[in-house]
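Here is a short walk through one fold.

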Amino acid sequence: MAAAFPYVTTNILSAKTPQSVDARSILIVGGMVSGTASSGALVDNLLSTAEFNAAFGRTSHIARAGRALIEQLSISRIRPKVSAIGLTDNGSGVAATGIVAFTGTATEAGTITVYVDSIRNGVYKINVASGATAASLGTLLEAAINANLDRPVNAVNTSGSVGLTAINKGAIGNSIGLKYSGSVAGITTTLTAFVNGATNPTLTAVFDAIASTRYSTIIFPAEWGVSTLTTETEAKFNVDNKIVHEFGIVCKNDTYANSNNALDALNQKTLGYIPNKLISGAAHKGGAIFENPIVIAAYAAALRELRLTVNSNVSSITTNGQSLGGSFFAAIPYHNTPFSLLPIIETGNDFSDAEALELQNSGGWVLRNNPANTVIISNEAVTTYKTNTLGNADTTFKYINYFDTLTLTAEFFFNNTKADFSQHILTTGQLIAGRPMVNKEGFMAALMGYYATLSGINGNNNYCLLRAGTDQQAAFKKALTDSVVINLSTGTLTAEAIANITTQVRNILVNFTPTFE
């Protein structure tokens, strides 16, 4: 090699840039029937309804939820990651059964529409000719249901009594709704609600597949109980040396009394529980929002994660002029969020105002019609958390917004301290120029910088999670000044910071005083 002086080396290093929070992700857990997936195995990065169908079986409980989730997420090109864990039925499981029965002979032509499990995806329109018998109508309904490739049930007609059997065994089948509309002279239609589904899959190791991995929202069947879910999510709250916060969403059809009792018994900051009023009318057996509970939970999960996904398209799910999602949505209320893919609640089937308020106070995330009865909207989104470990009332995690705001704040601080203090020298003395060192003052300066970003004081409007202002900054700095401790023997920095979080506009009170001047 020829001599070349001076020796010159030019290295290209990574730019020093602030760390953001991690990408969002959704996990669905549910019953499978067949497909390429193995029971209990994690299937990652599901992008389409076809992939859900192939992995878990098109008629399965989990594929139904997956199709709903993908449909809701499809409003945005930028979206959270979707994964799933399917479980095969318990070998001792019993499938739920229901009946749609026709009796009589038609004396006129007309139409009877039967709905199984869904207003949108389980509609069976039976055209009745004058003189048609109950048995012939049963044959038509049986054929229509079994021809639906996405059906959650199999149908068998016996002389006009169409027996329906849930494809997935266990309690999830008991939540399949039945409904009909229309009448034809001479024909009587009778519904028997789905019952007797029993013995769920074994759940002991269901979350082993994700171990220390975080899924920011988990959709889970309420019919399997919530303890397995909340054991997973609560255990991942405040974990050493990692950020793995998770939030579970369930929905359950039940009476007001049963729903309120169930909510009163829960006290988890990581759980969103949607109660759906159980209707037992002659023409309606099932949830007031006539959709499978796991589908309702899937829609809620999709809307939550779209809001928090940076640059997702949220223009159709907001009423405040914001068109792109981001971390700042943690501080924006959920109330008034439209659930446009859900059917509205029929008059007389909703919880009363007093019941809805009591359910919310008990920790229920209630969905109701808007005032014009044209779309389902979210009430205030609450967790089931009500009291601290001493049993005292505690609002710290009462709202899902508070959970989101606090966990995103913690994640931002975590990611940036990890990046900013990698391979640093710790000292209680002065910093030496040109060396990666940190002392109390430098540590506090870094944290003050994080506060400036999260509050927007520095002009960054991507978060708005902490309160901006001189007084708020001073309070944050004082808490650090009073608490930062350096232990050189263990290389430990400890601090007690305060989170001056922003909250949501929930109540407005204006008093008018009459004047006659």
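Seven bridges join strand β12 to strand β13 (residues 271-281), and the two run parallel. Strands pair here if DSSP finds at least two bridges between them. Strands (E, at least two residues) and helices (H or I, at least four) are DSSP runs, numbered from the N terminus. One of the contacts across this pair links Asp254 with Lys277, its bridge partner in β13.

This is a predicted model: local features need pLDDT of at least 70, side-chain atom pairs count only at pLDDT 80 or more, and totals for chains, interfaces and linings use all residues. Residues are numbered from 1 along each chain as its sequence is written, and side-chain values use heavy atoms, with hydrogens and water left out.

Now turn to the partner on β12's other listing, β11 (residues 217-219). Three bridges join β11 to β12, again in parallel. Ile218 has Gly248 as its bridge partner in β12. The chain leaves β11, passes through helix α4 (residues 227-235) and reaches β12; this β-α-β crossover is right-handed. That means a clockwise path from the first strand over the helix to the second, with the strands pointing away from the viewer.

How much of β12 is buried? Seven of the eight residues in β12 (residues 247-254) are buried, that is, under 20% relative accessible area with a 1.4 Å probe, protein chains only.The largest nonpolar core has 81 residues, among them Phe56, Leu69 and Ile219. Such a core is a set of buried Ala, Val, Leu, Ile, Met, Phe, Trp, Tyr and Cys residues joined through side-chain atoms within 4.5 Å.

Key:
Buried means under 20% relative accessible area, exposed over 50%, partly exposed in between (1.4 Å probe, protein chains only).
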